[in-house]
Amino acid sequence: DNYSYKKPADSMSGSPPHKKRHRESIRESVEESVKNVGRDVVIAQLQLELDHLKDEQETYYSSSECAIDGFKGIPDHGFPAGHVKERIIQNHELDNRPRLNTSSYVNVVSEPEEREVALMGLEVNLADASVYPASVELHDKVVNMIAELWNCPPPAQGGNFSGSGTVGSTEACLLAGLAHKFRWRQWYQTKHGLTHEQVMGVVPNIVISTCYQAAWEKLFRYFDVIPKFVVPTLANKMAIDANMIRDFVDDKTMAVVGILGNHYNGAYDPIWDMDKVVSEINAEKGYQVGIHVDGASGGFIAPFQDNVPAFDFRLTNVLSMSAS
């Protein structure tokens, strides 16, 4: 069972020096492995390497990877890019058809140029403005355009509007929720003469239709906010009755949410009427409750529709909006 290596005659006589060094390195590595783990183990390892190299030359369906049952851990070897893509495609085939999706706020149709630009974004990190200043400037321009579309008052100090691109509708709703929570907390602390530690222990609530999107569940659960649900009726076409919010608002209410197009039937909550009711409540009770407009469905549609009353920053109490 002694292991020996015999160089074939003139096998490297015509090879460039760097190839000779590479082969010598491989031979030394094999000999070292044999000393450490034994000849049989090394042969088994080399066989696995050869099988892997063979699979890389095969199509996915003729490779051994095709028989692997699902993803149960990080594989010993990487898969060829084409094989990985095929596995993802197979997995995606079990999803619903994208064009039949009318409720989860994703693009189901896109132009080739749109996809190309989206791929460019994979290599840009907007968190690092020093490396990607042009991309950050483009981001700010887009925020400014949307702010003007929604009739946001110009910043008092000039410059860019206050807003942010987010990873989907969820992050947009969460950021808006935090803004309302911090604003309410400062007001509540002053009103009741509390210390910072005391007010941190007070849990606010938010008034919202039961037609809310799933993003708000995260706000309720992770950001310590109690939801107060207003139930819309079929008679009102699944939009809430603005007067109903009177029964829910108190001094712990950090915001009222108006849904500009729920994902059941696309109905708009009457934000224009909700604004009037909130103004009356604030004036009567000394509150400063604001409104967030969740425009995940209608935020980019309502501005171009005829005969839609004011639903955006033209209203006194609308302090934040989101769309996707």
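**Close-up views of a predicted model**

Read along the sequence, the protein chain follows the pattern α-α-α-α-α-α-α-β-α-β-β-α-β-β. The model is predicted: local features need pLDDT of at least 70 and side-chain atom pairs count only at pLDDT 80 or more, whereas totals for chains, interfaces and linings use all residues. Residues are numbered from 1 along each chain as its sequence is written, and side-chain values use heavy atoms, with hydrogens and water left out.

**View 1. Overview of the protein chain.** The protein chain holds nine helices and five strands; these are DSSP runs numbered from the N terminus, helices being H or I with at least four residues and strands E with at least two. Of the 324 residues, 31% are buried (buried is under 20% relative accessible area, exposed over 50%, partly exposed in between, with a 1.4 Å probe and protein chains only). Among contacts (heavy atoms within 4.5 Å) between residues at least 6 apart in sequence, 60% join residues at least 24 apart.

View 2. The 25 residues of α6 should span 36 Å at 1.5 Å a residue, and the end C-alpha atoms are 37 Å apart, which agrees; the expected span is 1.5 Å times one less than the number of residues. Buried residues of α6 include S169, A172, C173, A176, H180, W184 and Y188. An α-helix has 3.6 residues a turn, so residues three or four places apart point the same way. The buried residues of α6 pack against α7 (196-200), α8, β3 (253-259), β4 (290-295) and β5 (318-323). G193 follows α6 and has a positive phi, near 60°.

**View 3. Crossing of α6 and α8.** The axes of α6 (residues 168-192) and α8 (residues 215-222) come within 8 Å and cross at roughly 40°. Axes are lines fitted to C-alpha atoms, for helices over the stretch in contact, and angles run from 0 to 180 degrees between N-to-C directions. The two helices are therefore oblique to each other (under 35 degrees is roughly parallel, over 145 roughly antiparallel, 65 to 115 roughly perpendicular, and the rest oblique). The crossing of α6 and α8 is right-handed, that is, the near helix is turned clockwise from the far one by less than a right angle. On the α6 side T170, C173, L174 and G177 take part, meeting A215, W216, K218 and L219 of α8. By class, this contact has five nonpolar, two polar and one charged residues; Ala, Val, Leu, Ile, Met, Phe, Trp, Tyr, Cys and Pro count as nonpolar, Asp, Glu, Lys and Arg as charged, and the others, Gly among them, as polar.

**View 4. Loop between β2 and β3.** K237 lies in the loop between β2 (226-230) and β3, and M238 lies in this loop too. K237 is not a glycine, yet has a positive phi of about 60°. M238, also not a glycine, has a positive phi of about 70°. K237 counts as exposed at 65% relative accessibility, while M238 is partly exposed with a relative accessible area of 22%.

**View 5. Helix α9.** Helix α9 (residues 271-285) has 15 residues and reaches 21 Å from first to last C-alpha, close to the 21 Å expected. I271, W272, M274, D275, V277, V278, I281 and N282 are the buried residues of α9, and their cover includes β3, β4 and β5. K276 also lies in α9 but counts as exposed, at 53% relative accessibility. K276 and L315 are 39 residues apart in sequence and 8.8 Å apart in space, C-alpha to C-alpha. G286 follows α9, with a positive phi near 75°.
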